[in-house]
Amino acid sequence: QARVVESGGGTVQPGGSLRLSCVASGIIFDHALLAWYRQGPGKPREMVASITADNGVYYTDSVKGRFTVTRDNAQNMVYLQMNSLRPEDTAVYYCYTNDRNLWGQGTQVIVSS
């Protein structure tokens with residue numbers, strides 16, 4: 001069964017860091033576009049970062065310089081390293097792949113003092 005599963009969310013103080021992980025199964029991982037989306041309280045879902053099969057990356061403006069997306073094709077993993085976290089980064093973060101249009105169940109990130 002094809003799926004993606006996130007992990008690594010939690011609660012962190014402003015200025016802190018978290019690393020989100022997403023493991024994929026049942027897809028052709030090497031060819032897939034992978035992305036991280038988030039949905040904050042009362043906000044629409046937005047793309048945070050993406051990485052193509054040839055490691056081309058995209059970041060939404062609000063996270064540039066703070067977040068880094070990487071992939072490990074050997075492990076079928078995609079990561080989102082989040083540094084200098086701000087309260088406005090609080091959201092449920094979702095992993096997505098264009099291979100079969102798969103979404104994960106989400107992992108909660110709370111940035112609060």
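User: Leaving aside its neighbours within four places in sequence, with which residues is Ser50 in contact?

Analyst: This is a predicted model, in which local features need pLDDT of at least 70, side-chain atom pairs count only at pLDDT 80 or more, and totals for chains, interfaces and linings use all residues. Residues are numbered from 1 along each chain as its sequence is written, and side-chain values use heavy atoms, with hydrogens and water left out. Contact means heavy atoms within 4.5 Å. By that criterion, and with neighbours within four places in sequence set aside, the partners of Ser50 are Leu33, Leu34, Ala35, Gly56, Val57, Tyr58 and Val69.

User: Is Ser50 buried or exposed?

Analyst: Ser50 is found in strand E5, residues 46–51; strands (E, at least two residues) are DSSP runs, numbered from the N terminus. Buried means under 20% relative accessible area, exposed over 50%, and partly exposed in between, with a 1.4 Å probe and protein chains only. Because its relative accessible area is 8%, Ser50 is buried.

User: What is the relative accessible area of Trp36?

Analyst: Trp36 is placed in strand E4, which covers residues 34–39. Trp36 is buried, since its relative accessible area is 0%.

User: What is the strand order of the open sheet of 4 strands?

Analyst: Two strands pair if DSSP finds at least two bridges between them. The pairing in this open sheet is antiparallel, and the order is E1-E3-E8-E7. Strands E1 (3–7) and E7 (67–72) each pair on one side only, and the edge strands are thus E1 and E7.

User: Which residue in E8 is the bridge partner of Leu20?

Analyst: Strand E3 (residues 18–25) runs antiparallel to strand E8 (residues 77–82), with 6 bridges joining them. Val23 stands opposite Met77 in E8. For Leu20, the bridge partner in E8 is Leu80.

User: Which residue in the turn of the E7 and E8 hairpin has a positive phi?

Analyst: E7 and E8 pair in the antiparallel sense over 6 bridges, and Arg71 stands opposite Val78 in E8. The hairpin has 4 residues between its strands, and the residue with a positive phi, about 55 degrees, is Asn76.

User: How many charged residues are in the lining of the largest pocket?

Analyst: Lying nearest the centre of the largest pocket, among its 13 lining residues, are Arg38, Lys43, Glu46, Ser62 and Glu88. Asp, Glu, Lys and Arg count as charged. By class, the lining has 2 nonpolar and 4 polar residues, and the charged residues number 7.

Note on methods
On a 1 Å grid over the protein atoms alone, a cavity is a set of points where a 1.4 Å probe fits but cannot get out, and a pocket is an open set with protein on both sides within 12 Å along at least five of seven lines; lining residues have an atom within 4 Å of a point.
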